[in-house]
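Reader: I would like to go through this model term by term. Please set each value against its cut-off.

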Amino acid sequence: MKHFILLIFFSLSIISAQTQKGKATYKLKHPKIDVVNPTKKPSAMGNRITESIKTAQELIEFNLVFNNKESVFYREEKLYANLDKFTKGIIEVLSEGRYYSNIATNQKLKSTSFDNQKFIVNIYQPQPWKIKDTTKTILGYTCHKATLTKTNKKTTKDYTVEAWFSKDIPYYFGPDEYNGLPGLILELKLNPKQTIYCTGVELQSKKNKLLTKPTEGTYVNSNEEFEDIVKTLASTAKQKH
């Protein structure tokens, strides 16, 4: 009997170890893109931008790979055949950067590039989430609402980030740089114009080679420092032309 109990415990341990990693897929939506303002006369450029954003949203897909300690959030690389340069540019703007998180070491890094130069930006900041009593179901999982107050650097006005996470998927990660909730974030409302939502979750036993800390690029201590670098590079490029 003792050996039988040990065998069950060992088997459960193996199963648990095999499901300590996973992958979630996400899409992007712009809920206000279809709202027409009757007081504004549509312009050719405005219509072009709207249609390009719609096309970009349909094409963009994100992946979040994770284990108990680390996660990487990135855009799925695809070949966009017969796509105009303008729409390709919008895709780059809407899905720029690759995010790495490590909850064991409180590391949060963004791998990005500008002016053909690669950078690794330290974007770690505490996220004091407020968990609400509200729940809803996403992909069959019971999700809890959480909010985070942030400040717009340009307008200095506060805005709210809204996350829906599931304790049924006990991993502390989510899209972009957002994490720290007691469950995987399945929906993230960044602002009234942008929401990232999960389309599928798969717990895996196989190793994901993409779950690695970024090492290629110049290390930058903060997002503010990176913004200064971008301004300097952009100013230099403008002077050359």
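Author: Start with pairing: two strands pair if DSSP finds at least two bridges between them. Strands (E, at least two residues) and helices (H or I, at least four) are DSSP runs, numbered from the N terminus. β4 and strand β5 (residues 107–114) have 5 bridges and run antiparallel. So they pair, since at least two are needed.
This is a predicted model, in which local features need pLDDT of at least 70 and side-chain atom pairs count only at pLDDT 80 or more, while totals for chains, interfaces and linings use all residues. Residues are numbered from 1 along each chain as its sequence is written, and side-chain values use heavy atoms, with hydrogens and water left out.

Reader: Which residue in β5 is the bridge partner of N102, and what lies between β4 and β5?

Author: The partner of N102 in β5 is Q107. β4 and β5 form a hairpin with 4 residues between them. In that turn, N106 has a positive phi of about 55 degrees.

Reader: Why is strand β4 (residues 98–102) called largely enclosed?

Author: Buried means under 20% relative accessible area, exposed over 50%, partly exposed in between (1.4 Å probe, protein chains only). In β4, 4 of the 5 residues are buried, so the rest of the structure largely encloses the strand.

Reader: How do you know that N63 is buried?

Author: N63 has a relative accessible area of 1%. The limit is under 20%, so the term applies. N63 belongs to strand β2 (residues 62–67).

Reader: Which residues is N63 in contact with, beyond its neighbours within four places in sequence?

Author: Contact means heavy atoms within 4.5 Å. On that basis N63 is in contact with K23, A24, T25, V72, F73, Y74 and E76.

Reader: What makes a set of residues a nonpolar core?

Author: The members are buried Ala, Val, Leu, Ile, Met, Phe, Trp, Tyr and Cys residues, joined through side-chain atoms within 4.5 Å. The largest one here has 37 residues. Y26, L64, W129, Y178, L184, I185 and L188 touch the most other members. Elements giving two or more residues to this core include β1 (21–29), β2, β10 (184–191), β11 (194–204) and α4 (223–240). β10 gives the largest share, 5 residues. Another core, of 7 residues, lies apart from this one and has V65, V72, Y100 and L211 among its members.

Reader: How many bridges join β10 to β11, and how many pair β1 with β11 and with β2?

Author: β10 and β11 run antiparallel, joined by 4 bridges. L188 stands opposite I196 in β11. A hairpin joins β10 to β11 through 2 residues. Y26 has C198 as its bridge partner in β11 and F62 in β2.

Reader: Why is the pair of F119 and F226 called edge-to-face?

Author: Rings of Phe, Tyr and Trp (its six-membered ring) pair if their centres lie within 6.5 Å; planes under 30 degrees apart count as stacked, over 60 as edge-to-face and the rest as tilted. The structure holds 6 aromatic pairs. In the pair of F119 and F226 the centres are 5.4 Å apart and the planes are at 65 degrees, so it is edge-to-face. F119 lies in strand β6 and F226 in helix α4, so the pair ties together parts 107 residues apart in sequence. Both residues are buried.

Reader: What are the values for W129 and Y178?

Author: That pair is edge-to-face too, with 6.2 Å centre to centre and 65 degrees between the planes. W129 lies in the loop between β6 and β7 (130–138), and Y178 in the loop between β9 and β10, 49 residues apart. W129 is buried at 13% relative accessible area, and Y178 is buried at 5%.

Reader: What makes R98 a charge over the ring of Y74?

Author: NZ of Lys or CZ of Arg must be within 6 Å of the ring centre and within 35 degrees of the ring normal. The charged end of R98 sits over the ring of Y74, 4.5 Å from its centre. K29 lies over the face of Y197, at 5.2 Å from the ring centre.
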